[in-house]
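Biologist: I'm new to this one, so please take me through it slowly. I'd like to ask how you know each thing as we go.

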Amino acid sequence: MHFRQGWTLAALIAIVSMSATPTMQGGAPAQSAPAATSSVPQRLAGYKKEAATTIDGMYDFTQQMVDSVFSFGELGFQEFETQRYLTAILEKEGFTIQRGIAGIPTAWTARFGSGKPVIALGSDIDCIPQASQKPGVAYRAPIIDGAPGHGEGHNSGVPLNITAAIAVKRIMQREKLSGTLVLWPGVAEELLATKAYYVRAGVFKDVDVVLYNHVGTNLSTGWGDSAGNGLVSVEYTFEGESAHSGQAPWRGRSALDAVELMNVGWNYRREHLRIQQRSHYVVTNGGDQPNVVPRNASVWYYFRETSYPEIKRMWEIGDKIAQGAAMMTDTAVTSRVLGSAWPIHTNRTLAETMYSNITEVGLPTWTDADVTLAKAVQRELKVPEIGMATEVPPLRGREAIPDEEKRGGGSDDIGDISWNVPTVSLSFPANFQAGPGHNWANAIAMATPIAHKGVVAGAKVQAMTMLDLLTRPELVTQAWDYFKNVQTKDVTYTPLLRSEDTPATWLNEETMAKYRSEMKKYYYDPTKYKTYLDQLGINYPTVR
């Protein structure tokens with residue numbers, strides 16, 4: 001996800017008065033979900049207590065999943081080991097697996113149960129380039145130098161959902177509760193490259209609610225408009241003509257010159273773009289060798305803005321600048337979309353229901369070792385030494401944040417899903433505030449007791465929220481009331497994807513091919529070692 005560690009979805013939503021109520025069509029106020037645990041039926045309270053106890057008893061199972069996915073360290077679209085491992089666990093638990101959904105080899109769904117409500121549980125599984133890091137070590141210490149690693153903590157979210165789903169499944173089976181659970185992974189989330197395709201392929205056509213989660217530094221949720229951005233990811237490829245760079249450069253037409261001119265043009269235009277925008281690029285092909293005028297060259301852009309129209313406007317500007325660069329260099333230019341994401345809007349009823357469970361579960365109990373590691377990393381990175389989170393933040397949300405209050409930020413393609421199905425996002429405390437995000441430092445906690453305890457706490461919240469939805473059908477009705485009469489009253493979802501766009505499943509193939517054989521030597525083996533820390537021989541915590 002492109003929200004940085006320490007900045008959860010709830011933190012990205014502006015603070016508002018909790019007394020505000022959404023207005024439905026016709027002027028009648030929409031009813032909020034009851035938040036007090038004392039108001040729920042005794043039967044439901046018993047289910048929740050049982051689920052929490054079951055999840056506590058699954059601690060070792062959960063830890064093994066978190067550590068295993070951490071050890072795989074697979075980049076977007078190349079999560080084959082992660083897919084095999086997680087789907088095998090779900091198949092053993094009686095879930096029906098469908099692989100290769102939306103034309104994406106590493107994507108899948110796992111279904112259990114029948115009837116309504118249909119509850120979809122999602123989280124991401126891909127990792128970050130060059131973020132290989134020994135867990136529990138409070139300074140830069142790669143397992144394999146240059147290799148990818150879980151520097152965004154995406155090894156934790158699907159294990160959380162699996163733990164929660166298994167606990168709830170047992171209650172559903174015994175009590176014969178109607179309902180369907182659907183688990184799915186966010187493949188290539190760091191590329192913003194799959195969830196819009198899931199929507200297009202109809203993965204959520206029968207889904208009533210989506211419970212999403214993402215690693216954070218506290219236990220929190222929020223509702224309404226997001227202060228972050230949506231985006232479109234576009235690669236521009238220029239084609240010229242090769243020539244001998246020393247002997248006859250005048251006979252060549254440099255595609256690399258066109259790339260450089262596009263970047264210069266964009267950077268001059270940047271001054272005259274809205275303050276809410278974020279834009280960045282990498283050169284993916286700069287030619288073959290210096291003595292050959294580059295016949296082909298490519299540059300990959302992320303255009304981020306706060307709304308669909310503004311994203312489209314940035315994209316159009318990028319296209320014009322690319323065409324201008326091609327004209328200046330007598331080259332031709334083509335482009336392809338590699339990913340997209342709508343800005344996020346999460347559901348008020350679902351968030352209020354989830355938050356009541358957050359306050360019931362509370363934060364994990366951190367040990368002195370946990371706090372020592374957190375403070376050591378914070379000291380290493382020269383940020384405030386605040387240790388671990390000790391207090392659950394308030395529920396926050398606003399139906400719409402005025403555009404002038406937004407100042408740009410990250411993106412997540414859960415936004416596309418949130419505009420098609422009522423969606424809520426849980427942030428869970430499997431990390432601490434320190435790293436800048438998408439960085440080796442954000443991987444340090446992710447296969448340690450901090451991550452294990454944070455995932456267990458999040459699984460309890462997720463399970464309790466599922467039980468609310470399975471036993472209180474009015475919550476699903478209220479969630480859809482908010483979705484139809486507030487969220488989408490004046491906004492219509494239009495995909496940023498075009499009909500000709502297809503998933504960029506070739507991305508990261510070369511990088512994983514370069515490192516995978518060496519990385520396999522470090523895959524976690526839970527039959528021999530209790531934890532991944534034990535397998536790596538790391539004393540917890542290791543600090544300077």
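Biologist: Let's start with one residue. Why is A457 called buried?

Modeller: A457 has a relative accessible area of 5%, and buried means under 20%, so A457 counts as buried. One thing to keep in mind is that this is a predicted model.

Biologist: Where is A457, and what does A457 touch?

Modeller: A457 sits in helix α12. Setting aside neighbours within four places in sequence, A457 is in contact with V361, G362 and P364. As for distances, A457 and I143 are 314 residues apart in sequence and 28 Å apart in space, C-alpha to C-alpha.

Biologist: Back up a bit. What does the chain as a whole contain in helices and strands?

Modeller: The count is 15 helices and 13 strands. The radius of gyration is 24 Å, close to the 24 Å that the globule rule gives for 544 residues, so the chain is as compact as a globular protein of that length.

Biologist: What are the dimensions of the box that the C-alpha atoms fill?

Modeller: Roughly 85 × 65 × 45 Å, taken along the principal axes.

Biologist: How much of the chain is buried?

Modeller: Buried residues make up 60% of the 544 residues. The accessible surface comes to about 21100 Å², and 50% of that belongs to carbon and sulfur atoms.

Biologist: What share of the contacts comes from residues 24 or more positions apart?

Modeller: Counting contacts with a separation of 6 or more, 83% are between residues 24 or more positions apart.

Biologist: Now some more single residues. What makes T163 buried?

Modeller: Its relative accessibility is 0%. The cut-off for buried is under 20%, so T163 counts as buried. T163 is found in helix α5. Apart from neighbours within four places in sequence, T163 is in contact with I55, M58, F61, T62, M65 and A459.

Biologist: How do you know whether P135 is buried or exposed?

Modeller: P135 has a relative accessible area of 0%; with buried meaning under 20%, P135 is therefore buried. P135 is in the loop between β3 (118-124) and α5 (157-175). Not counting residues up to four places away in sequence, P135 touches F70, I143, I444, A447, T448, Y532, L533, L536 and I538. P135 and I89 are 46 residues apart in sequence and 24 Å apart in space, C-alpha to C-alpha.

Biologist: Why is N508 called partly exposed?

Modeller: The relative accessible area of N508 is 22%. N508 is in the loop between α13 and α14 (509-520). N508 also has a positive phi, about 70 degrees, without being a glycine.

Biologist: How do you know how the span of α13 compares with the expected one?

Modeller: α13 (residues 473-487) has 15 residues and reaches 20 Å from its first C-alpha to its last, close to the 21 Å expected at 1.5 Å a residue. Its buried residues include L475, V476, Y482 and F483. Among the elements covering the buried residues of α13 are β6 (222-225), α9 (348-361) and α12 (449-471).

Biologist: And what about the span of α10?

Modeller: α10 (residues 368-380) has 13 residues and reaches 18 Å, close to the 18 Å expected. The buried residues of α10 are D370, L373, A374, A376, V377 and Q378, and what covers them includes α12. After α10 comes K382, with a positive phi near 60 degrees.

Technical notes:
Residues numbered from 1 in each chain as written. Predicted model: local features only at pLDDT ≥ 70, side-chain atom pairs only at ≥ 80, totals over all residues. Heavy atoms only, no water. Helix = DSSP H or I, 4+ residues; strand = E, 2+ residues; numbered from the N terminus. Rg over C-alpha atoms; globule rule 2.2 N^0.38 Å. Buried < 20%, exposed > 50% of the residue type's maximum accessible area, 1.4 Å probe, protein only. Contact = heavy atoms within 4.5 Å. Areas by Shrake-Rupley, 256 points an atom, 1.4 Å probe, with all protein chains shown as cover. Expected span 1.5 Å × (residues − 1).
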